[in-house]
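Here's a quick tour of a protein model, written for someone who likes to know the cut-offs. Have the viewer open and follow along.

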Amino acid sequence: MDTSIMSEELKVKDLGTIEFSIDKVCTLYFHEDRVLRGIHSDYITQVKEMFDSGMMQELVEKQLFVDTWISDIKIEGYELVIEHKRIPYWNYPYEWSFTMLQRAATVVLDANEVANKYGYEFFDVHAYNVVYDMARPTYVDFGSILKRDPKNGKSWSGYLNFYNSFYMPLYLYNKGFSDLSNSIFLYNGFFSDQDLFQLRHKYASFLGSKVGTLLFKAHNNTRRLSVARYSRVIDKYGRHKHIDKILKFKKAFQNRYTINKARKLIKRVNKSKIDSYWKDYHNDKNPANDSRFLRITELIKTQLKDATSLIELASNQGKFANYVLESTQIEKIIATDYDKNALNHIFVNNENKEDVLPLVYDFVRPNNRSNTLKIDQRINADIVMALAVTHHLLLTQDVSLAHIFKVLESLTQKYVVVEFMPLGLYFGDLDNIPPVPKYYTLDWFRDAFSEKFDHILDEEVAINRHLFIGKLKG
């Protein structure tokens, strides 16, 4: 730690921050590799109480909230500054599998129960406020924690946020909608309340669109009023002539929308029913008994011995990724695949581990929102590895070799490990090898590889598996 900044007040103009925030409690800042929050003056007493009461300690000890402490750093204009542990590989909900989303939902609910013990609650509980620190989800938004108001009864002010951001996508997984669950996070983070109402309550559409819309509005407005914080209802309707009736209505229904009800909703959608092509591809794979995998492992240990982190693209169930962790000097692996079911296997097999991060990621057609960082701005490793995948991309999806190499280059800090399949879409029968284009040769691949990377070696490691290892140029 740089002790020089302990006695020196940092200037706000010299600090990084986020572009848009509605946080009333604090402002988020970045200084070098440190993550800071300047606490606004109106909330200093509350924040000190959150620490002094033991609430923050319990949340951190139970691994429900990112490690957080009162900082020794001073920032101009702030009497109190808190600091968070920096999470190394930032990730977003559209990069999670079904079980990852499910576990993130559980963290939100468990964190709320802890906060409730101390008279607080989490209210802004959308999924973007949870991040995976390797294979463990953790809540990261300090400004989401507010004091509970006894006038709200047992209601949870974050209920609708939770419903939209966690229950909705899990419900869609449970109904077999393979793309909607991740796509809603890429759009605006929420699925339409009315659309989900129509899916869940199909009877409403049988009564006609007008009646269906009225039923939805009655249902939705009841929930919105019931979970609204008492103070906000007064701010909005305090001068309304029927304010007493509005408050009586709220009191009559508010105890229906609680943390316990949210937990029951999540239990009802505890299975994903989506199907996928590659989900069973590695069911019978055992890297320890495969000469190809053994050779690649040996090369990582001998040729790339200064590497400690690795991204595996098209990792499928992550079996080789786990074997590399067990058998080499590699300490951290980001295992990715675009098949959500295969990726879910990786997570289930590595849940809560500190050395594996599973991510849903199509590396040739990556997705991101306009207000989120691209993956190569968040995640890099000493080695990027893509095995047994280039032939599919080149021959069936018409992806250019230049594009593949560009992606590999963007993600690596040092080395690239990639396979070329000289026999193309060969499926095990040497008497019936599918034809390949004339340009598709080992020399063609080698020349293109050597133009992009400093060539270390290439060798045949199995039939139709030719391994290339290179280093970033310069």
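## A parallel strand trio

Strand β12 (residues 309-313) and β15 run parallel, joined by 4 bridges. Pairing here takes at least two DSSP bridges between two strands, and the elements themselves are DSSP runs numbered from the N terminus: helices are H or I with at least four residues, strands are E with at least two. Leu310 has Ile383 in β15 as its bridge partner.

β15 also pairs with strand β16 (residues 412-420), again in the parallel sense, over 5 bridges. Val384 stands opposite Val416 in β16. How many of the residues of strand β15 are buried? The count is 6 of the 6 in residues 381-386, so the strand is largely enclosed by the rest of the structure. Buried means under 20% relative accessible area, exposed means over 50%, and partly exposed is in between, with a 1.4 Å probe and protein chains only.

## The model and its overall numbers

This is a predicted model, so take pLDDT into account: local features need at least 70, side-chain atom pairs count only at 80 or more, and totals for chains, interfaces and linings use all residues. Residues are numbered from 1 along each chain as its sequence is written, and side-chain values use heavy atoms, with hydrogens and water left out.

The protein chain holds 18 helices and 18 strands. Of its 474 residues, 51% are buried. The C-alpha trace spans about 85 × 70 × 35 Å along its principal axes.

Tyr203, Phe206, Val211 and Leu215 make a nonpolar surface patch of about 410 Å². Leu215 sits in helix α8 and is partly exposed, at 32% relative accessible area. On the bookkeeping side, patch residues have over 30% relative accessible area and no salt bridge; like charges are joined within 9 Å, and nonpolar side chains (Val, Leu, Ile, Met, Phe, Trp, Tyr) within 5 Å. A salt bridge is a side-chain nitrogen of Lys or Arg within 4 Å of a carboxyl oxygen of Asp or Glu. Accessible areas are Shrake-Rupley values with a 1.4 Å probe, and for residues only the protein chains shown count as cover.

The other patch carries positive charge: Arg256, Lys261, Lys264, Lys267 and Arg268 gather there on the surface. Lys and Arg count as positive, Asp and Glu as negative, while His and the chain ends are not counted; each charge is placed at NZ of Lys, CZ of Arg, CG of Asp or CD of Glu. Lys264 belongs to helix α11 (residues 259-268) and counts as exposed at 55% relative accessibility.

## Two asparagines with positive phi

Most residues other than glycine have a negative phi. Asn316 has a positive one, near 55 degrees. Its place is the loop between β12 and α13 (319-327). Is Asn316 buried or exposed? At 4% relative accessibility, Asn316 counts as buried.

Asn464 also has a positive phi, near 60 degrees. Asn464 lies in the loop between β17 (453-462) and β18 (465-472), and with 3% relative accessibility it counts as buried.

## Over at Glu8

Glu8 is in the segment before β1 (9-10). With a relative accessible area of 44%, Glu8 is partly exposed. Glu8 and Asp72 are 64 residues apart in sequence, and their C-alpha atoms are 10.0 Å apart in space.
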